[in-house]
Amino acid sequence: MEETALKIRVFGDAVLRKKSIPVKNIDSSCRDTLSKMAQLMYAQSGIGLAAPQVGINREMIVVDIGSGLYKLINPKIVSKEGRQTIEEGCLSVPGVCVKVKRARIIKVRAMDESARPVTIKAQGLLACVIQHEIDHLKGKLIVDYASLWKKLRITKHLEGMRSKSKDEKVPESEAKSCKLQL
Ligand code: ZN
């Protein structure tokens with residue numbers, strides 16, 4: 001079992017753009033990864049985290065909007081209803097906020113960590129977060145929803161951040177510019 005602490009991968013890392021593959025065996029190492037992902041999500045004040053964000057291209061996500069922790073394996077959206085637009089941030093795209101139009105109500109099928117099938121009907125913020133995390137499994141990021149003009153601004157901002165020394169911390173105001181970190 002891997003004991004190394006997980007680390008958030010940021011924009012520019014190829015792992016964030018790769019399509020994840022389904023988990024075949026829901027075993028102790030899978031459960032271990034999910035609990036480490038949840039710990040990291042809480043430590044970063046996030047409300048959702050997908051495995052590619054920690055460098056693992058497997059279909060696993062954790063979500064907690066304050067009403068309980070979901071650990072979902074191989075999640076699939078089976079139905080969508082309505083529309084909502086929420087301003088989203090992403091732990092892997094620091095300092096960036098994008099208004100994303102998504103379904104307001106979704107039905108999701110997944111496996112839990114005991115390999116039992118689960119069906120979740122989510123709406124509002126929970127639906128938004130689950131859709132954001134499932135996007136990560138497809139290699140999709142919030143930047144992809146931005147207008148061309150905003151995309152240019154974001155790229156410039158992220159390049160500027162990358163050129164800073166690795167140890168230099170992102171200023172608090174920049175890192176927390178978006179209320180929702182997913
Ligand atoms: Zn994200």
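Strand E4 (residues 84–90) is largely enclosed by the rest of the structure, because five of its seven residues are buried; buried here means under 20% relative accessible area, whereas exposed means over 50% and partly exposed lies in between, with a 1.4 Å probe and protein chains only. Helices (H or I, at least four residues) and strands (E, at least two) are DSSP runs, numbered from the N terminus. The model is a predicted one, in which local features need pLDDT of at least 70 and side-chain atom pairs count only at pLDDT 80 or more, while totals for chains, interfaces and linings use all residues. Residues are numbered from 1 along each chain as its sequence is written, and side-chain values use heavy atoms, with hydrogens and water left out.

E4 and E5 run antiparallel and are joined by six bridges, where two strands count as paired if DSSP finds at least two bridges between them. A hairpin of two residues connects E4 to E5, and Glu-88 has Val-98 in E5 as its bridge partner.

The structure holds one disulfide, defined as a pair of cysteine sulfur atoms within 2.5 Å. This disulfide joins Cys-97 to Cys-178, with an S to S distance of 2.4 Å, and its torsion about the S-S bond is about 125°, so the disulfide is right-handed. Cys-97 lies in strand E5 (residues 93–102) and Cys-178 in the segment after helix H4 (172–175), so the pair ties together parts that are 81 residues apart in sequence. Both Cys-97 and Cys-178 are buried. Cys-128, by contrast, is in no disulfide, and the nearest cysteine sulfur, that of Cys-178, is 9.8 Å away.

| Residue | Relative accessibility |
|---|---|
| Ala-51 | 0% |
| Cys-90 | 0% |
| Cys-128 | 1% |

A nonpolar core is a set of buried Ala, Val, Leu, Ile, Met, Phe, Trp, Tyr and Cys residues joined through side-chain atoms within 4.5 Å. The largest such core has 21 residues, of which Ile-61, Val-63, Ile-106, Ala-122 and Ile-130 touch the most other members. Strand E2 (60–63), strand E6 (105–111), strand E7 (117–123) and helix H2 (124–137) each supply at least two residues of this core, and the largest share, seven residues, comes from H2. Leaving aside residues up to four places away in sequence, Ala-122 touches Arg-104, Ile-105, Ile-106, Ala-127 and Ile-130, contact meaning heavy atoms within 4.5 Å. A second, separate core of 17 residues includes Leu-6, Cys-30, Ile-73 and Leu-91.

In helix H3, Ile-154, Leu-158 and Met-161 are buried. Seen down the axis of H3, its buried residues fall within an arc of 55°, so they line one face of the helix; the arc is that of the directions from the helix axis to the C-beta atoms. The face turned away from this buried side carries the exposed residues Leu-148, Trp-149, Leu-152, Lys-156 and Ser-163.

Ala-51 is found in the loop between strand E1 (48–50) and E2. Not counting residues up to four places away in sequence, Ala-51 touches Met-37, Ile-56, Arg-58 and Met-60, and its C-alpha atom is separated by 8.5 Å from that of Val-62, 11 residues apart along the chain.
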